[in-house]
Number of protein chains: 6
Amino acid sequence: MPVISIKMTKEDGGATQEQKDILVKGITELFSEVFNRSASNAVVLIEEIDMNNYFIGTKSVKEIRENNKK
Amino acid sequence: MPVISIKMTKEDGGATQEQKDILVKGITELFSEVFNRSASNAVVLIEEIDMNNYFIGTKSVKEIRENNKK
Amino acid sequence: MPVISIKMTKEDGGATQEQKDILVKGITELFSEVFNRSASNAVVLIEEIDMNNYFIGTKSVKEIRENNKK
Amino acid sequence: MPVISIKMTKEDGGATQEQKDILVKGITELFSEVFNRSASNAVVLIEEIDMNNYFIGTKSVKEIRENNKK
Amino acid sequence: MPVISIKMTKEDGGATQEQKDILVKGITELFSEVFNRSASNAVVLIEEIDMNNYFIGTKSVKEIRENNKK
Amino acid sequence: MPVISIKMTKEDGGATQEQKDILVKGITELFSEVFNRSASNAVVLIEEIDMNNYFIGTKSVKEIRENNKK
(Lines give C-alpha, C1' and ligand atoms only; values in the text may rest on other atoms or scores of the structure.)
Protein backbone atom coordinates (compact mmCIF):
# COMPACT_ATOMS: atom_id res chain seq x y z
CA MET A 1 0.00 0.00 0.00
CA PRO A 2 -0.36 2.45 -1.73
CA VAL A 3 -0.50 1.92 -5.48
CA ILE A 4 1.01 4.90 -7.25
CA SER A 5 0.73 5.10 -11.04
CA ILE A 6 2.89 7.62 -12.89
CA LYS A 7 1.84 8.29 -16.48
CA MET A 8 4.43 10.45 -18.21
CA THR A 9 5.46 11.20 -21.78
CA LYS A 10 8.39 9.30 -23.24
CA GLU A 11 10.87 12.05 -24.19
CA ASP A 12 14.54 12.15 -25.18
CA GLY A 13 14.64 8.38 -25.53
CA GLY A 14 12.72 7.81 -22.29
CA ALA A 15 13.55 7.95 -18.57
CA THR A 16 16.83 6.33 -17.49
CA GLN A 17 16.73 3.61 -14.84
CA GLU A 18 18.59 5.93 -12.51
CA GLN A 19 15.93 8.62 -12.90
CA LYS A 20 13.18 6.09 -12.25
CA ASP A 21 14.94 4.69 -9.18
CA ILE A 22 15.46 8.18 -7.70
CA LEU A 23 11.84 9.14 -8.40
CA VAL A 24 10.33 5.96 -6.95
CA LYS A 25 12.58 5.91 -3.89
CA GLY A 26 11.75 9.55 -3.14
CA ILE A 27 8.01 9.16 -3.63
CA THR A 28 7.76 5.93 -1.63
CA GLU A 29 9.81 7.25 1.28
CA LEU A 30 7.86 10.52 1.34
CA PHE A 31 4.56 8.62 1.45
CA SER A 32 5.85 6.39 4.22
CA GLU A 33 6.99 9.42 6.25
CA VAL A 34 3.84 11.52 5.75
CA PHE A 35 1.46 8.70 6.69
CA ASN A 36 3.77 6.78 9.02
CA ARG A 37 3.13 3.54 7.16
CA SER A 38 5.58 0.85 6.06
CA ALA A 39 6.67 1.17 2.43
CA SER A 40 7.28 -2.57 2.00
CA ASN A 41 4.00 -3.08 0.13
CA ALA A 42 4.08 0.21 -1.78
CA VAL A 43 3.63 -0.39 -5.52
CA VAL A 44 4.73 2.22 -8.07
CA LEU A 45 4.02 1.75 -11.77
CA ILE A 46 5.70 3.96 -14.35
CA GLU A 47 3.91 4.12 -17.70
CA GLU A 48 5.76 6.04 -20.44
CA ILE A 49 3.28 7.28 -23.01
CA ASP A 50 4.08 8.37 -26.55
CA MET A 51 4.01 12.19 -26.90
CA ASN A 52 1.43 11.74 -29.68
CA ASN A 53 -0.93 10.04 -27.23
CA TYR A 54 -0.72 12.55 -24.36
CA PHE A 55 -2.86 15.66 -24.81
CA ILE A 56 -3.15 18.83 -22.72
CA GLY A 57 -5.87 21.35 -23.62
CA THR A 58 -6.61 19.57 -26.98
CA LYS A 59 -2.96 19.63 -28.14
CA SER A 60 -0.61 16.63 -28.10
CA VAL A 61 2.58 17.10 -26.06
CA LYS A 62 4.42 16.57 -29.35
CA GLU A 63 2.65 19.55 -30.88
CA ILE A 64 3.18 21.60 -27.71
CA ARG A 65 6.93 20.84 -27.71
CA GLU A 66 7.19 21.73 -31.42
CA ASN A 67 5.33 25.02 -30.90
CA ASN A 68 7.66 25.86 -28.02
CA LYS A 69 10.66 25.46 -30.35
CA LYS A 70 9.28 27.98 -32.91
CA MET B 1 -9.06 19.14 -15.42
CA PRO B 2 -10.44 16.57 -16.22
CA VAL B 3 -8.21 13.58 -16.88
CA ILE B 4 -9.74 11.43 -19.59
CA SER B 5 -8.15 8.06 -20.35
CA ILE B 6 -9.13 6.26 -23.56
CA LYS B 7 -8.17 2.58 -23.70
CA MET B 8 -8.83 1.19 -27.15
CA THR B 9 -7.63 -1.73 -29.23
CA LYS B 10 -4.85 -1.16 -31.73
CA GLU B 11 -6.41 -2.16 -35.07
CA ASP B 12 -5.48 -1.72 -38.73
CA GLY B 13 -2.03 -0.45 -37.78
CA GLY B 14 -3.36 1.81 -35.03
CA ALA B 15 -5.13 5.17 -34.92
CA THR B 16 -3.77 7.92 -37.19
CA GLN B 17 -2.68 11.21 -35.61
CA GLU B 18 -5.52 12.91 -37.42
CA GLN B 19 -8.07 10.55 -35.89
CA LYS B 20 -6.58 11.12 -32.41
CA ASP B 21 -6.56 14.90 -32.85
CA ILE B 22 -10.23 14.94 -33.99
CA LEU B 23 -11.26 12.66 -31.12
CA VAL B 24 -9.41 14.61 -28.42
CA LYS B 25 -10.49 18.02 -29.70
CA GLY B 26 -14.12 16.90 -29.84
CA ILE B 27 -14.11 15.29 -26.39
CA THR B 28 -12.30 18.18 -24.70
CA GLU B 29 -14.53 20.85 -26.24
CA LEU B 30 -17.69 18.89 -25.40
CA PHE B 31 -16.57 18.56 -21.78
CA SER B 32 -15.77 22.24 -21.61
CA GLU B 33 -19.18 23.15 -23.04
CA VAL B 34 -21.24 20.76 -20.89
CA PHE B 35 -19.59 21.83 -17.62
CA ASN B 36 -18.69 25.39 -18.60
CA ARG B 37 -15.09 24.88 -17.52
CA SER B 38 -11.90 25.91 -19.26
CA ALA B 39 -10.26 23.12 -21.27
CA SER B 40 -6.73 24.47 -20.83
CA ASN B 41 -5.88 21.91 -18.12
CA ALA B 42 -7.80 19.03 -19.66
CA VAL B 43 -5.58 15.95 -20.02
CA VAL B 44 -6.48 13.15 -22.45
CA LEU B 45 -4.41 9.96 -22.58
CA ILE B 46 -4.85 7.50 -25.44
CA GLU B 47 -3.67 3.97 -24.68
CA GLU B 48 -3.76 1.59 -27.63
CA ILE B 49 -3.97 -1.98 -26.37
CA ASP B 50 -3.11 -5.13 -28.33
CA MET B 51 -6.27 -6.98 -29.47
CA ASN B 52 -4.94 -10.05 -27.65
CA ASN B 53 -4.98 -8.16 -24.37
CA TYR B 54 -8.50 -6.67 -24.59
CA PHE B 55 -11.29 -9.07 -23.65
CA ILE B 56 -15.06 -8.68 -23.79
CA GLY B 57 -17.23 -11.42 -22.24
CA THR B 58 -14.20 -13.82 -21.89
CA LYS B 59 -13.17 -13.50 -25.58
CA SER B 60 -10.24 -11.41 -26.83
CA VAL B 61 -11.14 -8.75 -29.40
CA LYS B 62 -8.85 -10.64 -31.77
CA GLU B 63 -10.96 -13.76 -31.40
CA ILE B 64 -14.18 -11.72 -31.72
CA ARG B 65 -12.97 -10.06 -34.93
CA GLU B 66 -11.92 -13.45 -36.39
CA ASN B 67 -15.30 -15.00 -35.50
CA ASN B 68 -17.06 -12.07 -37.18
CA LYS B 69 -15.17 -12.81 -40.43
CA LYS B 70 -16.33 -16.46 -40.52
CA MET C 1 -14.67 -1.18 -26.75
CA PRO C 2 -13.22 1.31 -25.84
CA VAL C 3 -13.07 1.93 -22.11
CA ILE C 4 -13.13 5.65 -21.43
CA SER C 5 -12.54 6.86 -17.89
CA ILE C 6 -13.38 10.47 -17.03
CA LYS C 7 -11.92 11.73 -13.74
CA MET C 8 -13.30 15.14 -12.92
CA THR C 9 -13.71 17.28 -9.82
CA LYS C 10 -17.04 17.27 -8.05
CA GLU C 11 -18.15 20.93 -8.13
CA ASP C 12 -21.39 22.81 -7.45
CA GLY C 13 -22.99 19.68 -6.00
CA GLY C 14 -21.70 17.44 -8.76
CA ALA C 15 -22.62 16.79 -12.41
CA THR C 16 -26.34 16.38 -13.16
CA GLN C 17 -27.51 13.17 -14.85
CA GLU C 18 -28.43 15.22 -17.90
CA GLN C 19 -24.89 16.60 -18.18
CA LYS C 20 -23.44 13.10 -17.84
CA ASP C 21 -25.81 11.67 -20.44
CA ILE C 22 -24.98 14.44 -22.96
CA LEU C 23 -21.23 14.02 -22.33
CA VAL C 24 -21.23 10.23 -22.64
CA LYS C 25 -23.51 10.16 -25.70
CA GLY C 26 -21.34 12.75 -27.45
CA ILE C 27 -18.04 11.03 -26.63
CA THR C 28 -19.25 7.55 -27.55
CA GLU C 29 -20.78 8.63 -30.84
CA LEU C 30 -17.68 10.66 -31.75
CA PHE C 31 -15.45 7.65 -31.06
CA SER C 32 -17.71 5.41 -33.10
CA GLU C 33 -17.66 7.86 -36.02
CA VAL C 34 -13.90 8.56 -35.98
CA PHE C 35 -12.94 4.89 -35.86
CA ASN C 36 -15.97 3.45 -37.65
CA ARG C 37 -16.56 0.96 -34.85
CA SER C 38 -19.80 -0.03 -33.14
CA ALA C 39 -20.44 1.76 -29.86
CA SER C 40 -22.47 -1.08 -28.36
CA ASN C 41 -19.56 -2.28 -26.20
CA ALA C 42 -18.19 1.18 -25.40
CA VAL C 43 -17.78 1.62 -21.64
CA VAL C 44 -17.56 5.09 -20.09
CA LEU C 45 -16.85 5.52 -16.37
CA ILE C 46 -17.33 8.89 -14.70
CA GLU C 47 -15.41 9.32 -11.44
CA GLU C 48 -16.16 12.55 -9.57
CA ILE C 49 -13.21 13.39 -7.32
CA ASP C 50 -13.28 15.74 -4.33
CA MET C 51 -11.64 19.11 -5.17
CA ASN C 52 -9.28 18.51 -2.23
CA ASN C 53 -7.98 15.36 -3.87
CA TYR C 54 -7.36 16.75 -7.38
CA PHE C 55 -4.12 18.71 -7.75
CA ILE C 56 -2.71 20.70 -10.67
CA GLY C 57 0.85 22.05 -10.42
CA THR C 58 1.05 21.23 -6.62
CA LYS C 59 -2.21 23.11 -5.79
CA SER C 60 -5.55 21.44 -5.07
CA VAL C 61 -8.42 22.53 -7.35
CA LYS C 62 -10.09 23.80 -4.19
CA GLU C 63 -7.18 26.13 -3.52
CA ILE C 64 -7.04 27.16 -7.18
CA ARG C 65 -10.77 28.03 -7.20
CA GLU C 66 -10.41 30.00 -3.94
CA ASN C 67 -7.42 31.93 -5.32
CA ASN C 68 -9.41 32.75 -8.47
CA LYS C 69 -12.14 34.35 -6.33
CA LYS C 70 -9.68 36.68 -4.57
CA MET D 1 -19.68 -4.76 -16.56
CA PRO D 2 -17.28 -4.91 -14.76
CA VAL D 3 -14.05 -3.48 -16.10
CA ILE D 4 -11.11 -5.45 -14.74
CA SER D 5 -7.60 -4.16 -15.40
CA ILE D 6 -4.66 -6.50 -14.77
CA LYS D 7 -1.26 -4.80 -14.61
CA MET D 8 1.49 -7.40 -14.47
CA THR D 9 5.19 -7.53 -15.21
CA LYS D 10 6.29 -8.88 -18.58
CA GLU D 11 8.53 -11.85 -17.69
CA ASP D 12 10.03 -14.80 -19.58
CA GLY D 13 8.99 -13.28 -22.91
CA GLY D 14 5.52 -12.33 -21.67
CA ALA D 15 2.28 -14.20 -20.99
CA THR D 16 1.18 -16.72 -23.64
CA GLN D 17 -2.26 -16.32 -25.22
CA GLU D 18 -3.30 -19.55 -23.56
CA GLN D 19 -2.35 -18.22 -20.12
CA LYS D 20 -4.29 -15.00 -20.78
CA ASP D 21 -7.35 -16.88 -22.03
CA ILE D 22 -7.39 -19.16 -18.96
CA LEU D 23 -6.93 -16.20 -16.61
CA VAL D 24 -9.63 -14.04 -18.21
CA LYS D 25 -12.14 -16.87 -18.55
CA GLY D 26 -11.62 -17.85 -14.90
CA ILE D 27 -11.88 -14.29 -13.58
CA THR D 28 -14.92 -13.38 -15.67
CA GLU D 29 -16.83 -16.54 -14.79
CA LEU D 30 -15.99 -16.18 -11.09
CA PHE D 31 -17.26 -12.59 -11.10
CA SER D 32 -20.41 -13.65 -12.90
CA GLU D 33 -21.03 -16.44 -10.37
CA VAL D 34 -20.28 -14.40 -7.23
CA PHE D 35 -22.53 -11.49 -8.24
CA ASN D 36 -25.02 -13.41 -10.36
CA ARG D 37 -24.56 -11.01 -13.25
CA SER D 38 -24.15 -11.72 -16.96
CA ALA D 39 -20.54 -11.73 -18.15
CA SER D 40 -21.39 -10.62 -21.68
CA ASN D 41 -20.34 -7.02 -21.04
CA ALA D 42 -17.39 -7.85 -18.79
CA VAL D 43 -14.22 -6.12 -20.02
CA VAL D 44 -10.77 -7.37 -18.99
CA LEU D 45 -7.63 -5.45 -19.97
CA ILE D 46 -4.20 -7.05 -19.56
CA GLU D 47 -1.33 -4.56 -19.41
CA GLU D 48 2.13 -6.14 -19.37
CA ILE D 49 4.59 -3.72 -17.80
CA ASP D 50 8.38 -3.79 -18.16
CA MET D 51 10.06 -5.17 -14.98
CA ASN D 52 12.06 -1.92 -14.84
CA ASN D 53 8.85 0.08 -14.53
CA TYR D 54 7.14 -1.96 -11.80
CA PHE D 55 8.36 -1.20 -8.27
CA ILE D 56 7.54 -2.85 -4.93
CA GLY D 57 8.85 -1.22 -1.74
CA THR D 58 11.20 1.13 -3.74
CA LYS D 59 12.84 -1.73 -5.72
CA SER D 60 12.05 -2.57 -9.35
CA VAL D 61 10.83 -6.13 -9.95
CA LYS D 62 13.94 -6.56 -12.10
CA GLU D 63 16.16 -5.75 -9.13
CA ILE D 64 14.06 -7.98 -6.86
CA ARG D 65 14.34 -10.93 -9.27
CA GLU D 66 18.12 -10.42 -9.59
CA ASN D 67 18.53 -10.26 -5.80
CA ASN D 68 16.53 -13.49 -5.46
CA LYS D 69 19.00 -15.25 -7.81
CA LYS D 70 22.05 -14.29 -5.67
CA MET E 1 2.50 -8.20 -8.28
CA PRO E 2 0.11 -7.91 -10.13
CA VAL E 3 -2.17 -4.97 -9.50
CA ILE E 4 -5.73 -5.91 -10.38
CA SER E 5 -8.38 -3.18 -10.38
CA ILE E 6 -12.05 -4.21 -10.46
CA LYS E 7 -14.47 -1.42 -11.35
CA MET E 8 -18.05 -2.58 -10.88
CA THR E 9 -21.43 -0.98 -10.36
CA LYS E 10 -22.75 -0.69 -6.83
CA GLU E 11 -26.05 -2.60 -6.91
CA ASP E 12 -28.49 -3.95 -4.29
CA GLY E 13 -26.68 -2.03 -1.55
CA GLY E 14 -23.24 -3.02 -2.77
CA ALA E 15 -21.08 -6.17 -2.64
CA THR E 16 -20.90 -7.96 0.71
CA GLN E 17 -17.50 -8.55 2.32
CA GLU E 18 -17.96 -12.25 1.80
CA GLN E 19 -18.51 -11.76 -1.95
CA LYS E 20 -15.40 -9.55 -2.18
CA ASP E 21 -13.29 -12.04 -0.21
CA ILE E 22 -14.37 -14.95 -2.43
CA LEU E 23 -13.75 -12.94 -5.61
CA VAL E 24 -10.32 -11.67 -4.56
CA LYS E 25 -9.15 -15.03 -3.22
CA GLY E 26 -10.23 -16.77 -6.42
CA ILE E 27 -8.65 -14.20 -8.75
CA THR E 28 -5.38 -14.00 -6.83
CA GLU E 29 -4.97 -17.77 -6.58
CA LEU E 30 -5.84 -18.25 -10.25
CA PHE E 31 -3.23 -15.65 -11.26
CA SER E 32 -0.64 -17.29 -9.02
CA GLU E 33 -1.39 -20.72 -10.53
CA VAL E 34 -1.45 -19.61 -14.18
CA PHE E 35 1.83 -17.68 -13.96
CA ASN E 36 3.47 -19.70 -11.19
CA ARG E 37 4.20 -16.56 -9.21
CA SER E 38 3.80 -15.89 -5.49
CA ALA E 39 0.58 -14.08 -4.60
CA SER E 40 2.02 -12.40 -1.51
CA ASN E 41 2.46 -9.06 -3.30
CA ALA E 42 -0.71 -9.27 -5.38
CA VAL E 43 -2.82 -6.13 -4.95
CA VAL E 44 -6.54 -6.13 -5.78
CA LEU E 45 -8.57 -2.92 -5.64
CA ILE E 46 -12.37 -3.05 -5.77
CA GLU E 47 -14.00 0.22 -6.85
CA GLU E 48 -17.80 0.25 -6.63
CA ILE E 49 -19.17 2.85 -9.03
CA ASP E 50 -22.62 4.41 -8.90
CA MET E 51 -24.92 2.95 -11.62
CA ASN E 52 -25.46 6.53 -12.87
CA ASN E 53 -21.74 6.87 -13.57
CA TYR E 54 -21.19 3.58 -15.43
CA PHE E 55 -22.23 3.65 -19.08
CA ILE E 56 -22.36 0.89 -21.70
CA GLY E 57 -23.12 1.85 -25.32
CA THR E 58 -24.20 5.44 -24.28
CA LYS E 59 -26.70 4.23 -21.64
CA SER E 60 -26.08 4.29 -17.89
CA VAL E 61 -26.37 0.90 -16.14
CA LYS E 62 -29.22 2.46 -14.17
CA GLU E 63 -31.13 3.13 -17.39
CA ILE E 64 -30.27 -0.33 -18.74
CA ARG E 65 -31.55 -2.02 -15.56
CA GLU E 66 -34.74 0.05 -15.65
CA ASN E 67 -35.34 -0.79 -19.32
CA ASN E 68 -34.84 -4.49 -18.53
CA LYS E 69 -37.65 -4.30 -15.93
CA LYS E 70 -40.16 -2.89 -18.45
CA MET F 1 2.35 16.33 -17.34
CA PRO F 2 2.60 13.83 -15.70
CA VAL F 3 -0.59 12.33 -14.31
CA ILE F 4 0.13 10.70 -10.98
CA SER F 5 -2.64 8.65 -9.34
CA ILE F 6 -2.24 7.69 -5.68
CA LYS F 7 -4.61 4.94 -4.49
CA MET F 8 -4.33 4.54 -0.73
CA THR F 9 -6.48 3.11 2.03
CA LYS F 10 -8.60 5.50 4.06
CA GLU F 11 -7.39 5.00 7.64
CA ASP F 12 -7.82 6.88 10.95
CA GLY F 13 -10.50 9.07 9.43
CA GLY F 14 -8.57 9.67 6.21
CA ALA F 15 -5.60 11.81 5.19
CA THR F 16 -5.60 15.41 6.42
CA GLN F 17 -5.37 18.21 3.84
CA GLU F 18 -1.97 19.09 5.24
CA GLN F 19 -0.70 15.55 4.65
CA LYS F 20 -2.04 15.60 1.09
CA ASP F 21 -0.52 19.01 0.36
CA ILE F 22 2.91 17.90 1.66
CA LEU F 23 2.75 14.64 -0.31
CA VAL F 24 1.68 16.25 -3.58
CA LYS F 25 4.12 19.16 -3.33
CA GLY F 26 6.99 16.76 -2.60
CA ILE F 27 6.11 14.35 -5.41
CA THR F 28 5.52 17.05 -8.02
CA GLU F 29 8.72 18.92 -7.21
CA LEU F 30 10.75 15.69 -7.20
CA PHE F 31 9.37 14.76 -10.62
CA SER F 32 10.10 18.21 -11.94
CA GLU F 33 13.67 18.05 -10.64
CA VAL F 34 14.45 14.51 -11.82
CA PHE F 35 13.17 15.10 -15.35
CA ASN F 36 13.84 18.85 -15.57
CA ARG F 37 10.30 19.52 -16.68
CA SER F 38 7.88 22.23 -15.56
CA ALA F 39 5.40 21.10 -12.90
CA SER F 40 2.69 23.55 -13.96
CA ASN F 41 0.71 20.87 -15.82
CA ALA F 42 1.41 18.06 -13.34
CA VAL F 43 -1.83 16.40 -12.22
CA VAL F 44 -1.98 14.37 -9.01
CA LEU F 45 -5.13 12.48 -8.04
CA ILE F 46 -5.54 11.06 -4.55
CA GLU F 47 -8.09 8.26 -4.27
CA GLU F 48 -8.78 7.06 -0.73
CA ILE F 49 -10.10 3.52 -0.84
CA ASP F 50 -12.03 1.74 1.91
CA MET F 51 -9.81 -0.79 3.79
CA ASN F 52 -12.39 -3.46 2.89
CA ASN F 53 -11.80 -2.84 -0.81
CA TYR F 54 -7.98 -2.91 -0.82
CA PHE F 55 -6.46 -6.40 -0.79
CA ILE F 56 -2.84 -7.53 -0.52
CA GLY F 57 -2.06 -11.24 -1.02
CA THR F 58 -5.82 -12.20 -0.82
CA LYS F 59 -6.40 -10.38 2.51
CA SER F 60 -8.14 -7.01 2.86
CA VAL F 61 -6.08 -4.30 4.57
CA LYS F 62 -8.78 -4.29 7.24
CA GLU F 63 -8.14 -7.95 7.99
CA ILE F 64 -4.36 -7.38 7.86
CA ARG F 65 -4.59 -4.50 10.35
CA GLU F 66 -6.81 -6.56 12.67
CA ASN F 67 -4.41 -9.52 12.54
CA ASN F 68 -1.52 -7.20 13.38
CA LYS F 69 -3.33 -6.09 16.54
CA LYS F 70 -3.74 -9.68 17.82
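Modeller: Contact here means heavy atoms within 4.5 Å. By that rule, 11 residues of chain D are in contact with 16 residues of chain A. Keep in mind that this is a predicted model.

Colleague: How much area do chain D and chain A bury between them?

Modeller: About 1,100 Å², with 53% of it on carbon and sulfur atoms. On the chain D side, Asn53(D), Phe55(D) and Thr58(D) lose the most area to chain A. Together they make up 53% of what that side buries.

Colleague: What makes the pair Glu47(A) and Lys7(D) a salt bridge?

Modeller: The cut-off is 4 Å, from a side-chain nitrogen of Lys or Arg to a carboxyl oxygen of Asp or Glu. The closest N and O atoms of Glu47(A) and Lys7(D) are 2.8 Å apart, so the pair meets the rule. Between chain D and chain A the rule finds one salt bridge. Polar contacts there number six residue pairs. In chain D, β2 and β3 (54-56) each supply at least two residues of the side that touches chain A. β3(D) gives the largest share, three residues. By class, that side divides into four nonpolar, five polar and two charged residues.

Colleague: How do you know that β3(D) pairs with strand β2 of chain A?

Modeller: Pairing needs at least two bridges. Three bridges join β2 (residues 43-49) of chain A to β3(D), and the strands run antiparallel. One example is Val44(A), whose bridge partner in β3(D) is Phe55(D).

Colleague: What relation superposes chain D on chain A?

Modeller: A rotation of 120° with 0.0 Å of shift along its axis, at an RMSD of 0.0 Å. That is the relation of a three-fold axis. Glu47(D) comes closest to the rotation axis among the residues of chain D, at 5.9 Å for its C-alpha.

Colleague: Why do you say that chain D and chain A meet through different surfaces?

Modeller: Only 18% of the interface residues of chain D are also interface residues in chain A, so the surfaces differ. Chain E and chain D are another matter. There, 100% of the interface residues of chain E are also interface residues in chain D, so those copies meet through the same surface.

Colleague: Which rotation superposes chain E on chain D?

Modeller: One of 180°, with 0.0 Å of shift along the axis and an RMSD of 0.0 Å. That is the relation of a two-fold axis. In chain E, the C-alpha nearest the axis belongs to Ser5(E), 2.6 Å from it.

Colleague: How many residues does the contact take from chain E and from chain D?

Modeller: It takes 25 from each of them. The two chains bury about 2,300 Å² between them, 70% of it on carbon and sulfur atoms. In chain E, Met1(E), Phe35(E) and Arg37(E) lose the most area to chain D, together 22% of what that side buries.

Colleague: What makes Glu11(D) and Arg37(E) a salt bridge?

Modeller: Their side chains come to 3.4 Å, N to O, and the cut-off is 4 Å, so they qualify. The count between chain E and chain D is two salt bridges.

Colleague: How do you know that β1 of chain D and β1(E) pair?

Modeller: The rule asks for at least two bridges. These strands have five, in the antiparallel sense. Ile6(D) has Ile4(E) as its bridge partner.

Colleague: What is the order of the open sheet of eight strands?

Modeller: The order is β4(B)-β3(B)-β2(D)-β1(D)-β1(E)-β2(E)-β3(F)-β4(F), with mixed pairing. β4 (59-60) of chain B and β4 (59-60) of chain F stand at the edges. Each has a single partner strand, so one side of each is left without a neighbour in the sheet.

Methods: Residues numbered from 1 in each chain as written. Chains lettered and ligands numbered in written order. Predicted model: local features only at pLDDT ≥ 70, side-chain atom pairs only at ≥ 80, totals over all residues. Heavy atoms only, no water. Buried area = accessible area lost by both parts, 1.4 Å probe. Helix = DSSP H or I, 4+ residues; strand = E, 2+ residues; numbered from the N terminus. Least-squares fit on C-alpha atoms with pLDDT ≥ 70 in both. Polar contact = N/O pair within 3.5 Å; in protein donor to acceptor, adjacent residues only side chain to side chain. Nonpolar A, V, L, I, M, F, W, Y, C, P; charged D, E, K, R; others polar.
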